[in-house]
Structure formats: structure tokens, C-alpha cells
Amino acid sequence: MVTFFNYTPTYLDHVFSSTVYLCLLFCIIIFCSQQSWKILLLRYFNPVGAHESGRIGDDPKGVPAQLIPFICHVAVGRQREVQVFGNDYDTRDGTAIRDYIHIVDVASGHLNALNKLLDTGFSGWKAYNLGTGKGHTVMEILETFEKVSGKTIPRHVVARRSGDAVAAYADPILAEKELGWKATRGLLEMCKCHCGYLEMLQRDCWKCVSVTVVILKSYKGIVGNV
Ligand SMILES: O=c1ccn([C@@H]2O[C@H](COP(=O)(O)OP(=O)(O)O[C@H]3O[C@H](CO)[C@@H](O)[C@H](O)[C@H]3O)[C@@H](O)[C@H]2O)c(=O)[nH]1
């Protein structure tokens with residue numbers, strides 16, 4: 001079981017986590033070279049969801065590597081099925097656990113952090129975990145997404161993905177104590193917002209297609225066959 005506690009060393013056996021760790025070291029070096037710097041490092045866990053309005057969200061180009069964007073691609077027919085990377089982990093249903101956090105909670109964590117930076121009493125550097133402190137398995141994510149979207153998400157269990165940890169979730173206590181921040185949105189809300197954004201994307205895609213057809217039709221009217 002891997003838990004990222006505040007101030008414990010980051011997992012270094014993966015290019016992603018080692019890059020995060022290097023950025024942390026870089027910030028500390030900046031602070032050591034000039035101690036007037038005030039630095040806050042926010043470690044988010046797995047940010048997902050979209051703005052409640054359904055107008056702002058994530059639509060990665062190409063084939064997404066992350067679980068929830070990939071599920072969304074399956075939901076809209078861009079991919080055929082989700083590959084579940086391993087169901088032989090030592091967890092409640094055998095699939096790996098992550099701490100998923102709503103992007104609006106991540107945004108509010110930034111606002112609290114900015115307020116701390118403006119606080120004249122603060123100096124130096126500090127790192128905070130922005131997570132819910134709760135983990136969900138891959139199967140729980142799939143089931144919640146299906147419940148919220150009303151769509152069946154085809155899935156197929158394959159081998160574990162190289163470098164994946166069995167479980168990673170935050171200890172957000174320090175952020176709660178010192179930034180006055182706590183994640184308030186659960187998995188159901190994250191999936192709902194993601195679905196709302198998907199629907200908007202699909203509606204707007206149709207708008208784009210209709211606009212293109214109108215343009216092509218007018219063009220055809222001027223120059224003949226297009
Ligand atoms: O198609 C997929 C994608 C993911 N997973 C699983 O879903 C969980 C979450 O995966 P993901 O969304 O990729 O998050 P993390 O595994 O926490 O990955 C984070 O950490 C990785 C390195 O540690 C980075 O490469 C990623 O960009 C970053 O999102 C993991 O157990 C994966 O094995 C699947 O089963 N199928």
C-alpha cells in the first residue's frame with residue numbers, strides 16, 4: 001500500500017513522479033538562493049470532473065492515458081472499450097486505487113493557497129496535498145460513471161500497467177489545518193460534471209458540423225460542385 005503523506009519522499013520509480021520531485025527540489029533551490037521567496041507547492045492527486053456549468057472541462061487530444069478521460073472517450077464512441085490494467089491487486093475488488101479530486105476543489109485549493117501567500121506572516125516554502133483522502137478502485141469509477149451517464153461502458157481486464165502503484169491517496173490534513181481547505185465534492189459529482197461537459201461537447205460538435213455544412217452549401221452555391 002502506498003500512501004503519500006505530507007513531507008514523505010515522492011515515489012521516484014516513474015518519470016512522472018520523478019519530474020514532480022525535481023520541480024519540488026528546484027523550488028527549494030530557488031528559496032535557498034534567495035530567502036525572500038514565498039513558495040507553496042500543491043500536490044494534486046487525480047483531478048477529474050468539469051465546471052458545474054458544463055462549459056469548462058478537459059477534452060484531451062488523441063488517446064487519453066488517464067482513466068476518466070479514457071472512459072469518456074468510450075462513452076462517446078471514440079474508443080471501443082476500457083482496458084482495466086490489472087485486477088489482481090491486493091484491494092477490495094482487485095483493481096488499483098486512486099484519490100480522485102474534483103477540479104473545482106483543486107481550483108479552490110489554489111485560492112486558499114494564494115491567500116496564504118498574501119499573508120504577511122508566511123515566509124519560506126511549504127508543500128500541501130490536495131486530495132480527498134479517500135481512494136476509489138478502477139471498478140468503482142466505471143460503475144459510478146455508468147450509473148451517472150446511463151451508458152454501459154464496455155471493459156476488458158488486461159495486464160497491470162508498468163510502474164502503476166496499487167494505491168495512492170492523499171493525507172490532506174495539513175491543507176485543512178493551514179489553508180482552511182477541504183475537498184467537498186465526491187465521486188458521484190465528479191462523474192456527473194464530467195458527463196455534463198461531455199454532453200455539451202457533443203452538442204457543440206453537432207453545432208460545428210452544422211456550421212460546416214452551411215458553409216460548404218454556400219460555397220457550393222458560388223463555385224458549383226465541392
Ligand atoms: O485506460 C486505463 C487508464 C488507467 N487505468 C487505471 O486507472 C488508475 C488511474 O490511472 P490514471 O488516470 O492514469 O492515473 P494515475 O495512475 O494516478 O496516473 C497519474 O500518475 C501517472 C504516473 O504515476 C501519470 O503518468 C499520469 O499522467 C497521472 O495521471 C490506475 O490504476 C490505472 O492502472 C486503467 O485501468 N485503464
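Visitor: What's the make-up of the shell around the ligand, by class?
Guide: By class, that shell has 10 nonpolar, 5 polar and 3 charged residues. Here Ala, Val, Leu, Ile, Met, Phe, Trp, Tyr, Cys and Pro count as nonpolar, Asp, Glu, Lys and Arg as charged, and the others, Gly among them, as polar. Bear in mind that this is a predicted model: local features need pLDDT of at least 70, side-chain atom pairs count only at pLDDT 80 or more, and totals for chains, interfaces and linings use all residues. Residues are numbered from 1 along each chain as its sequence is written.

Visitor: Which elements each supply at least two residues of that shell?
Guide: α1 (15-33), α2 (67-75) and β3 (82-85) do. Helices (H or I, at least four residues) and strands (E, at least two) are DSSP runs, numbered from the N terminus. The largest share, 4 residues, comes from β3.

Visitor: Switching to α2, which residues are buried there?
Guide: Leu67, Ile68, Ile71, Cys72, Val74 and Ala75. Buried means 20 or more other C-beta atoms within 10 Å of a residue's own, with C-beta atoms placed from the backbone.

Visitor: Why are they on the same side of α2?
Guide: Because they cover an arc of only 160° around the axis, going by the directions from the helix axis to the C-beta atoms.

Visitor: And what follows α2?
Guide: Glycine 77, with a positive phi near 85°.

Visitor: What does isoleucine 141 touch?
Guide: Leu67, Ile68 and His136, leaving out residues up to four places away in sequence. Contact means C-beta atoms, placed from the backbone, within 7 Å.

Notes: Buried ≥ 20, exposed ≤ 12 C-beta atoms within 10 Å, placed from the backbone. Contact = placed C-beta atoms within 7 Å.
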